[in-house]
Amino acid sequence: MPSIRGIITGTNAAVWRTVNKAGVPWHKLPGPAGALNLAALREDLRHDNLHETRDDIVEEEIADLPPYRTYDGTRQDPYDAQMGSAGTRFGRNFALDQTKAEDPPRLLSPSPREVSRRLFWRDEFQPATGLNVLAAAWIQFQNHGWFGHGTNDPERRIDIELAADDNWSEDPMVVERTTADRTQDPEDGRPATYLNKVTHWWDGSSIYGSSQDQNRVMRAGEDGKMLLIDGKLPLEEDPVLAGIDRTGFNDNYWVGLSLLHTLFVKEHNAICDMLRKSYPSWDDERLFLTARLVNAALMAKIHTVEWTPGILNTPVLQTGMHANWYGALPQWAKATRLITKTLDLEAGAGIIGSELKHHGASFAITEEFISVYRLHPLIPDDYAIHDHRTGALIEEVEFNSLMGNDTRAAVDKYGWSDLMYHFGTEHPGKITLHNHPRALMDHTRVTGQHVDLGTIDVLRDRERGVRRYNDFREQLRMPRVTSFDKLTPDPAWNAEIRDVYNGQIDDVDLQVGLLGEKPPTGFGFSDTAFRIFILMASRRLKSDRFFTRDYTPEIYTAQGLDWIDRHTMADVVVRHFPELAPALEGSANAFAPWRKSTPGGAA
Amino acid sequence: MVLDFKHASIPEGVRFTAQVGVPNVVQGLFRKREKVVAVAGLVQADQLAYGCTASLVKKYGPEPFWVRLVTEEALLVHHPDDIRRVLEGSPTPFASDPDAKRKGMSAFQPTALTLSRGDLWADRRSFAEAVLDTGRPIHRLGQRFAAVAVEEADAVLGLGRPVTWADVHEAFQRLTRRVVIGADAADDTALSDELGALMDAGNKMPGKPAAGYEDFHAHLQKYVDTPDPEALTGLVAAAPHTDDEETDAAGQLIHWLFAMGDTLPANLVRTLAVLAGHPLQLAEVRAELTGKRLTAAKSVAGAAYLAGCILDTMRLWPTTALFGRVTTEDVRFPQGELVPAGSQVLIHNLFNHRNRERIPYADRFAPEEWVTGGASDDWSFNFFSNGPQGCPGAGLSVFLGQAFLGRLLTQADPVVTSGPHPRPGKPLAYTLDLNALEIDLQPR
Ligand code: HEM
Ligand code: HEM
Ligand code: HEM
C-alpha cells in the first residue's frame with residue numbers, strides 16, 4: 001500500500017514532469033514553485049539514478065550499534081555493516097550497462113590532451129566574483145572526505161600521442177590507470193568498478209582519517225583532542241611528503257587545504273573543551289568520538305547552508321538547502337512541523353533528524369558524482385598576499401610555491417592570518433572553459449609525476465565509464481544538445497569545440513559540456529551537474545544514521561547539537577583567527593568575498 | 001556576524017534583576033541595613049537568588065551567558081574555568097570597578113585599591129601587600145595581633161550575658177582600630193562612627209566623596225603621621241609608595257577598617273553559630289587547640305581545622321554574594337566569543353558556592369574540605385575573590401578569626417539561644433541572619 005508521503009510526493013513529481021516537458025526548466029519558475037519542482041526532480045532522480053555495484057551486501061540487524069562514527073566507516077548503517085566503509089566500491093548513478101569503460105581507440109579520441117590544450121587552457125584568469133578562494137579550497141577539502149581513488153597503477157599506463165606543436169615534457173604523455181578493484185570477479189562480465197580509499201560517509205575523514213591506525217597517530221591522547229604543535233598540524237615524516245601536514249587525507253595538498261584542515265582540527269579541540277566542561281568525567285575516547293560527531297555535522301551544515309547557497313546563489317536554492325538542513329518551515333511552526341514530520345515530507349521538515357533512507361541502493365559515493373566535482377578551474381594561478389591589518393601588498397606568489405612540499409614553508413613565511421585573509425578576500429576561478437589553472441595543466445606531483453590535470457579530467461571519465469555529455473544528460477532525462485551552437489553562449493568556443501570533436505556532437509566529453517553550459521542565473525556551475533548534485537547532496541545526509549534517526553541529544557549531547565545549530569563558518573574562522581573579525585564584519589556568507597582593508601586607510 | 005555567548009530572555013532578566021540584583025543591593029550595602037536583612041531573610045531572598053541563577057545555568061549550560069541586570073546586559077560567569085579567566089585577568093582587562101560599586105564606594109574611599117586600574121592599581125596594590133604581608137604565612141605583627149584578638153574575645157566573654165551581633169561588632173571595631181591604627185585609637189569610636197556615616201551616604205551611590213570625607217581623611221592622616229610600631233600604621237613608612245597623592249596611604253586604610261571591622265566579624269559570628277550546632281566539628285576544633293597558647297602566633301596560624309570552619313562558613317554564607325568586573329577592552333573568550341569593552345561581568349558567589357551540580361558538599365558544613373580536600377584550589381569559591389586582585393587581607397582575616405574564635409571556644413560552650421540554628425542533617429539554609437542571633441557563651 002502506498003504511504004501518504006508516497007502519494008503526495010508521487011503526485012508532485014508527476015505534475016512537474018509535465019511542466020518541465022512543456023519546456024519550462026525549474027530555475028525559470030517563481031520561488032516556491034521552483035522549490036517544489038526541485039523536490040520532484042529529486043524524487044525522480046532517487047527512483048532512476050541510484051544503482052548498486054556492491055556484491056558483498058549482508059543484511060542483518062546489527063546488535064550493539066555503536067553510538068559514534070567508527071574509524072573506518074563500518075557499522076554505520078543499522079543493517080549493512082560494510083556499507084559506506086573505507087575500501088568499498090563506488091556506486092553509480094546510471095544503470096550498470098551505461099557505465100562501461102571506453103576502450104581504445106575511442107578512449108583516446110579525440111585526444112584528451114588536445115581537448116585540454118584547446119578548450120581548457122586559461123588564456124586569461126576568469127574570476128567567479130561572488131565567491132572567495134576559501135570556497136575553492138573548501139570543496140576540495142570536502143571532496144577529500146567523501147572520495148578518493150587512491151594511488152594510480154604504475155603498471156598499467158595509457159600513452160597519449162602528442163600533437164606536432166605540443167612540447168610536453170615526454171612524448172607520448174603517460175597517464176597511469178586508476179588502480180583496479182581486486183575484489184571484482186573478472187569473469188562476472190559487469191563493467192569495472194573502483195574502490196573508495198576513504199569512508200563514503202560525511203564523517204570528516206579528511207581530517208580524522210579512514211582507519212583507527214591512521215587516526216591514533218594524529219591524536220593528542222588526552223581530553224579527546226587532536227594533535228597540534230604550536231597551533232599547526234604535525235608534519236609527515238616520509239621525505240616524499242616533506243612539508244605536508246599529517247592529516248586524514250593529504251593528497252594534492254596545498255596551503256588552501258592546510259588552512260582548512262588546521263582550522264577544523266582546532267574546531268575539534270574547541271568542541272572537546274566545550275564538552276569537557278559539561279562532562280568532566282568523560283575519558284579521552286568518549287570526548288574524541290563525540291567531538292568528531294559534532295565537528296563532522298558542523299562541516300556538513302556549513303556546506304549545506306553556506307557553501308552551497310554561496311556557489312548556487314538563487315532564492316530557490318537558498319530555501320532548498322535550508323530545507324535540507326532545517327526544513328522549509330519556520331522554527332515557530334512546531335505543530336505543523338510535527339505533522340509534516342509524521343508524514344515524512346522532507347520539504348517541510350528537513351532531512352536532519354528525519355527517517356534514515358537509502359532509496360533503493362546502498363549508500364555510496366558514485367563515479368558520476370566525482371566527475372561533476374572536477375572543479376579545477378576554481379584554482380587561481382596568482383596569489384597576491386596582503387597584510388590583513390593594513391591591506392598592504394606583501395608579495396605576489398604563484399600557485400606552485402604554495403603547494404606540495406612547499407606548503408609548510410609558505411604557511412610559516414606568510415602566517416595564517418594573512419593567508420586566510422587572502423583566501424577570504426580574493427576570487428577563485430569561474431567554473432568554465434578556458435579557465436583551467438595553468439599550474440595544474442603543468443603540474444608536478446610530490447611523486448615527481450608530471451601531469452596535465454585537464455587531460456586527466458577528460459581521460460578519467462572515459463576510463464571509468466562515465467558517459468559523454470549528451471548521453472549523460474539523457475540518463476538524467478535532460479534533452480540532448482543537438483547543435484554545437486547551443487553548447488555554450490560563446491560562438492567562438494562552439495566553433496573550437498566543433499573543431500576538436502570533428503563535428504561529432506555526441507562525442508563531446510562530459511567535462512567540456514559541463515564547463516561550457518550556461519549555468520542558471522546565480523549558479524556557479526551547470527544545471528546538468530546540478531542534477532547529480534541535488535540527488536547526492538541530500539543523500540549524503542538522508543542515508544546517514546547520524547544525520548537522521550541518530551541526530552539526537554542522546555548521541556550528540558544537547559550541547560553538541562546546540563554548537564552545530566549556533567555556529568557558522570564565519571564563527572569558526574573568528575574563533576581561531578580573531579584578528580580576522582573586522583574582515584568578516586557584516587559578511588552574510590563566509591564563502592563570499594570578505595571586506596578588504598585598504599592601504600593607508602582604516603579597514 | 002559576531003561570536004557571542006547566549007542571551008537570557010527579557011523575562012529572565014527581569015527575574016534575575018528582582019531575585020539576584022535587587023536583594024544584593026538592598027542587603028549588600030556598605031553597612032547591612034538591619035531591617036532589610038531581616039525581612040529579606042523572612043522572604044528567603046537568598047534562596048530565590050540561588051534558584052534563579054541555578055535555573056538559568058541549567059538552561060544555558062556551562063558557558064557564560066548574558067543576563068539583563070536592570071537595564072544593561074551583564075555576562076554571568078559560573079564555571080570555575082571562566083571565573084578563573086576573569087579573576088586572573090584582573091584588573092586588566094577585567095577591572096573591579098563596575099559603575100555601581102565605584103559610585104557607592106567613592107563616597108567613603110575614592111582612592112580605594114579596589115576602584116583603581118592600571119599603574120595606579122599596581123602602585124596601591126604593592127603598598128597594601130607590603131603592609132598586610134599578603135601571602136606570608138604569618139603577619140610580622142602576628143604575635144601582637146593575636147594578643148589583641150584574645151583581649152577582645154575576653155571582653156566579649158566578660159559581658160556575662162548571651163551575646164549579639166552588635167556586641168561582637170563593637171568588640172571588633174575596637175580590635176580593628178587597635179590592629180590597623182594602634183593603641184591611641186583604641187577608644188576612638190568617633191572614627192568608626194564617621195566611617196559608618198560615610199558608608200551610609202555611599203548607599204545613595206553619589207559617585208563622589210560624601211560630605212565629611214575630608215575631615216575623616218584628615219582624621220586618619222593624623223594617625224598615619226604618628227604611627228604605632230605595633231599596628232599596621234607602623235609599617236606604612238617602610239612600604240613602597242610613590243607619593244602621597246597617588247598611593248594615599250591614609251585612604252587605603254579605609255578599606256581595611258571596614259573589611260576588618262564589619263565584614264570579618266560578620267563571618268565570625270556565623271562561624272560561632274554553626275559550630276554551636278555542629279558538636280562533632282566543635283570537638284575537632286577543641287582537640288586541635290588543646291595545649292596551645294593562643295598568644296603564640298604559630299599556634300594560632302596552625303589551627304588549620306578552625307581556619308577550615310571559618311572558610312567553610314564564608315563559603316556557605318558569603319558576605320560578598322555577588323561581585324563583578326567590567327571589561328576595559330574587547331575580550332575574546334577561548335571559543336572566540338566576544339565580550340565588548342565596558343561590559344559588566346558577574347560572579348554570583350551565593351550560587352557558585354552552593355552549586356549542587358558541581359559541589360558534593362554544597363549545603364553542608366564541610367571544614368575538612370579546606371584542610372585535606374580540594375576546596376582551596378577550587379575557583380568556584382570566591383568569598384575572598386581570587387587571582388591578582390584577590391583580597392590581600394585574607395590571610396590576616398583568617399588569622400584574627402582563629403585567635404578570636406579560638407579563645408572563645410577554649411573558654412566557653414556556644415549555645416544559640418535565639419535566631420537560626422544551623423545544624424547537620426538537612427541542607428543548610430541560604431540565609432543566616434546575623435541580627436536575629438543570640439549566642440550564650442557558657443563557661444566551660
Ligand atoms: C590545489 C589544487 C588541486 C590540485 C593540485 C589537484 C590535483 C588533483 C589531482 C592530481 C587529481 C588526480 C588525478 C588522477 O586521477 O590521476 C585530482 C583529482 C580530482 N580533483 Fe583535484 N586538485 C586540486 C583542486 C581541486 C579542486 C578545487 C577540486 C574541486 C572540487 C578538485 C576536484 C577533484 C576531483 C573531483 C578529482 C577526482 C578524484 C578521484 O578521481 O577520486 N580538485 N586533483
Ligand atoms: C550600591 C552599590 C553597592 C554597595 C552599596 C556595595 C556594598 C559593598 C559592601 C558592603 C562592601 C564591603 C564588603 C566588605 O566589608 O569587605 C563592598 C565591597 C565590595 N563590593 Fe560592593 N556594593 C555595591 C556595588 C557593588 C557592585 C555593583 C559590585 C560588583 C558588581 C560590588 C562589589 C564589591 C566587592 C567585590 C566588594 C568586596 C571588597 C572587600 O571586601 O574588600 N559592589 N561593597
Ligand atoms: C572576612 C573578611 C573579608 C572578606 C570577606 C573580604 C573579601 C574581599 C573580596 C571579595 C575582595 C575582592 C573585591 C573585588 O575584587 O571586587 C576583597 C578585596 C580587598 N580586600 Fe578584602 N575581605 C575581607 C577582609 C579584608 C581585610 C581584613 C582587609 C585589609 C586589612 C581587606 C582588604 C582588601 C583590599 C585592599 C581589597 C582590594 C584588593 C584589590 O582591589 O586589589 N579585606 N576582599
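A:Pro172 sits in the loop of chain A that runs between strand 1 (153-160) and strand 2. This is a predicted model, so read everything below as a description of a prediction. B:Pro91 is placed in the loop between helix 4 (80-88) and strand 4 of chain B. One more backbone item is A:Asp223, whose phi is near 55°, a positive value although the residue is not glycine. A:Asp223 belongs to the loop between helix 6 (212-216) and helix 7 (255-278) of chain A. Why flag any of this? Most residues other than glycine have a negative phi, and most peptide bonds are trans.

**Iron sites**

| Iron atom | Protein donor (atom) | Distance |
|---|---|---|
| Ligand 1 | A:His376 (NE2) | 2.0 Å |
| Ligand 3 | B:Cys391 (SG) | 2.4 Å |

For the iron of ligand 1, A:His376 is the single donor that the protein supplies. That histidine is carried by the loop between helix 12 (367-372) and strand 3 (382-386) of chain A. The iron of ligand 3 likewise has a single protein donor, B:Cys391. Where does B:Cys391 sit in chain B? You'll find it in the loop between helix 18 (368-371) and helix 19 (394-411).

**Sheets in chain B**

Start with the open sheet of 6 strands in chain B, which has the order 1-2-3-9-6-4 and mixed pairing. Strand 1 (6-7) and strand 4 (94-95) are its edge strands, each with a single partner, so one side of each has no neighbour in the sheet. Strand 1 runs parallel to strand 2 (residues 65-69) of chain B, and 2 bridges join them. On the residue level, B:Lys6 has B:Phe65 of strand 2 as its bridge partner. Helix 3 (residues 45-60) of chain B lies across strand 1, strand 2, strand 3 (72-76) and strand 9 (344-348), and it runs at about 145° to strand 2.

Another open sheet in chain B has 3 strands in the order 5-11-10, with antiparallel pairing. Which strands end up at the edges? Strand 5 (163-164) and strand 10 (412-418) do; each has a single partner strand, so one side of each is left open within the sheet. Strand 11 (residues 438-443) pairs with strand 10 over 6 bridges in the antiparallel sense. Strand 11 also pairs with strand 5, again antiparallel, over 2 bridges.

For B:Ser418, the partner in strand 11 is B:Glu438. Helix 13 (residues 249-277) of chain B lies across strand 10 and strand 11, at about 95° to strand 10.

**Where the chains meet**

How much area do chain B and chain A bury between them? The figure is about 1,400 Å², with 52% of it on carbon and sulfur atoms. The contact draws 17 residues from chain B and 21 residues from chain A. Across this interface there are 6 residue pairs in polar contact, with both residues at pLDDT 80 or more. The two chains also share 3 salt bridges. B:Glu63 makes a salt bridge with A:Lys277, with the closest N and O atoms 3.2 Å apart.

**Salt bridges overall**

Over all chains, the structure holds 75 salt bridges. One within chain A brings together the side chains of A:Asp203 and A:Arg292, at 3.4 Å from N to O. A:Asp203 is in the loop between strand 2 (173-177) and helix 5 (205-208), while A:Arg292 is in helix 8 (residues 284-311), so this pair ties together parts of chain A that are 89 residues apart in sequence.

Definitions and conventions
Residues numbered from 1 in each chain as written. Chains lettered and ligands numbered in written order. Predicted model: local features only at pLDDT ≥ 70, side-chain atom pairs only at ≥ 80, totals over all residues. Heavy atoms only, no water. Pairing = 2+ DSSP bridges. Helix = DSSP H or I, 4+ residues; strand = E, 2+ residues; numbered from the N terminus. Contact = heavy atoms within 4.5 Å. Axes fitted to C-alpha atoms, helices over the stretch in contact; angles between N-to-C directions. Donors = N, O, S within 2.8 Å, 3.2 Å for Na, K, Ca; no water. Buried area = accessible area lost by both parts, 1.4 Å probe. Salt bridge = Lys/Arg side-chain N within 4 Å of Asp/Glu carboxyl O. Polar contact = N/O pair within 3.5 Å; in protein donor to acceptor, adjacent residues only side chain to side chain.
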